Amino acid sequence: MAVGAAAHGVGAGDRGFLTGASGLHIGPYLYLGAKHMVTGYDHLLYLAGVIFFLGRLRDVVTFVSLFALGHSVTLLIGVLSGFQVNTYAVDAIIGLSVCYKALENLRIIRGIDPKAAVFGFGLVHGLGLSSKLQDLSLSPDGLIGNMLAFNAGVEIGQVLALTVLFGGLSWLRQRPDFTQIATNANVILFTAGLVLFAVQAAGFFTT
């Protein structure tokens with residue numbers, strides 16, 4: 001399982017398009033960016049932890065925007081500059097970011113400023129995707145426009161995913177047993193992050 005695991009993996013159909021595409025393709029890249037976010041379980045796990053105790057939509061927008069900014073910065077810089085890192089190593093760190101947020105929610109640890117942490121982990125998440133995209137040898141023709149469209153798609157997918165998450169969490173907060181639900185949910189979140197870390201770390205050492 002470790003050999004094939006990669007949170008930023010690209011499906012065969014999408015990989016074929018990305019490898020063969022040349023020129024500006026705004027629509028397809030918007031779609032792929034949104035798809036990446038909606039199906040990116042690593043992003044969703046981390047963002048679920050980030051917004052878990054945020055009751056105001058304004059706070060959700062602030063934190064998620066910081067994550068998106070960090071994600072966009074390293075994605076664009078990485079792809080356009082050719083800077084790459086081992087994707088297994090990055091995805092292992094992303095697993096730890098999920099664990100970190102769960103422990104913070106459980107008040108087991110008191111980390112750095114939450115906004116700085118969200119921005120910092122956004123940088124890491126974007127770096128993982130930029131490295132994976134570079135493995136596909138994207139055409140330089142229209143690359144900047146395509147990456148901007150991809151980032152816009154990520155924002156769209158993020159809004160869609162977080163609308164559902166925020167609605168579900170708002171409903172849970174009305175329950176009298178929310179405190180116990182929150183504890184159990186964040187223990188599960190920590191476990192998921194730990195599994196993600198273990199699988200990616202194994203992939204790093206076996207490939």
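Trainee: Leaving aside neighbours within four places in sequence, which residues is Gln158 in contact with?

Mentor: Met37, Leu47, Val64, Phe67 and Ala68. Bear in mind that this is a predicted model.

Trainee: Where does Gln158 lie?

Mentor: In helix 7, which covers residues 143–172.

Trainee: Is Gln158 buried or exposed?

Mentor: Buried. Its relative accessibility is 2%, and the cut-off for buried is under 20%.

Trainee: What box do the C-alpha atoms fill?

Mentor: Roughly 55 × 40 × 30 Å, taken along the principal axes.

Trainee: And what share of the residues counts as buried?

Mentor: 46% of the 207 residues.

Trainee: What about contacts between residues at least 6 apart in sequence: what share joins residues at least 24 apart?

Mentor: 87% of them.

Trainee: New topic, helix packing. At what angle do helix 3 and helix 5 cross?

Mentor: At roughly 20 degrees, and their axes come within 9 Å. Helix 3 is residues 41–51, and helix 5 is residues 87–105.

Trainee: Are those two roughly parallel or roughly antiparallel?

Mentor: Roughly parallel. The reason is the angle: roughly 20 degrees falls in the class for angles under 35 degrees.

Trainee: Which residues make that contact?

Mentor: Helix 3 brings Asp42, Leu45, Tyr46, Gly49 and Val50. Helix 5 brings Ile94, Ser97, Val98, Lys101 and Asn105.

Trainee: How do the residues of the contact of helix 3 with helix 5 divide?

Mentor: Into 5 nonpolar, 3 polar and 2 charged.

Trainee: Is the crossing of helix 3 and helix 5 left-handed or right-handed?

Mentor: Left-handed.

Trainee: Now helix 3 and helix 6. At what angle do they pack?

Mentor: About 180 degrees, with the axes 12 Å apart. That makes helix 3 roughly antiparallel to helix 6.

Trainee: Which residues make this contact?

Mentor: From helix 3, Asp42, His43, Tyr46 and Val50. From helix 6, Ala117, Val118, Phe121 and His125. By class, that gives 5 nonpolar, 2 polar and 1 charged.

Trainee: What about helix 4 and helix 6: how do their axes come together?

Mentor: They come within 6 Å and cross at roughly 35 degrees. Helix 4 runs over residues 57–81. It passes helix 6 in a right-handed crossing.

Trainee: How do the residues of the contact of helix 4 with helix 6 divide?

Mentor: Into 15 nonpolar, 10 polar and 1 charged.

Trainee: Back to single residues. Which helix does Thr87 lie in?

Mentor: Helix 5. Thr87 is buried, with a relative accessible area of 10%.

Trainee: Which residues does Thr87 touch, not counting those up to four places away in sequence?

Mentor: Gly128, Ser131 and Lys132.

Trainee: How far apart are Thr87 and Leu196?

Mentor: In sequence, 109 residues. In space, 13 Å from C-alpha to C-alpha.

Trainee: And how far apart are Ser139 and Ala185?

Mentor: They are 46 residues apart in sequence and 43 Å apart in space, C-alpha to C-alpha.

Trainee: Where is Ser139 found?

Mentor: In the loop between helix 6 and helix 7. Ser139 is buried, with a relative accessible area of 18%. Setting aside neighbours within four places in sequence, Ser139 is in contact with Ala21 and Ser22.

Trainee: One more loop residue. Where is the place of Arg107?

Mentor: In the loop between helix 5 and helix 6, the latter being 114–134.

Trainee: Is Arg107 buried or exposed?

Mentor: Exposed, at 74% relative accessibility. The cut-off for exposed is over 50%.

Trainee: What is the phi of Arg107?

Mentor: Positive, at about 65 degrees, although Arg107 is not a glycine.

Definitions and conventions
Residues numbered from 1 in each chain as written. Predicted model: local features only at pLDDT ≥ 70, side-chain atom pairs only at ≥ 80, totals over all residues. Heavy atoms only, no water. Helix = DSSP H or I, 4+ residues; strand = E, 2+ residues; numbered from the N terminus. Buried < 20%, exposed > 50% of the residue type's maximum accessible area, 1.4 Å probe, protein only. Contact = heavy atoms within 4.5 Å. Axes fitted to C-alpha atoms, helices over the stretch in contact; angles between N-to-C directions. Parallel < 35°, antiparallel > 145°, perpendicular 65-115°, else oblique. Left-handed = near helix turned anticlockwise from the far one by under 90°. Nonpolar A, V, L, I, M, F, W, Y, C, P; charged D, E, K, R; others polar.
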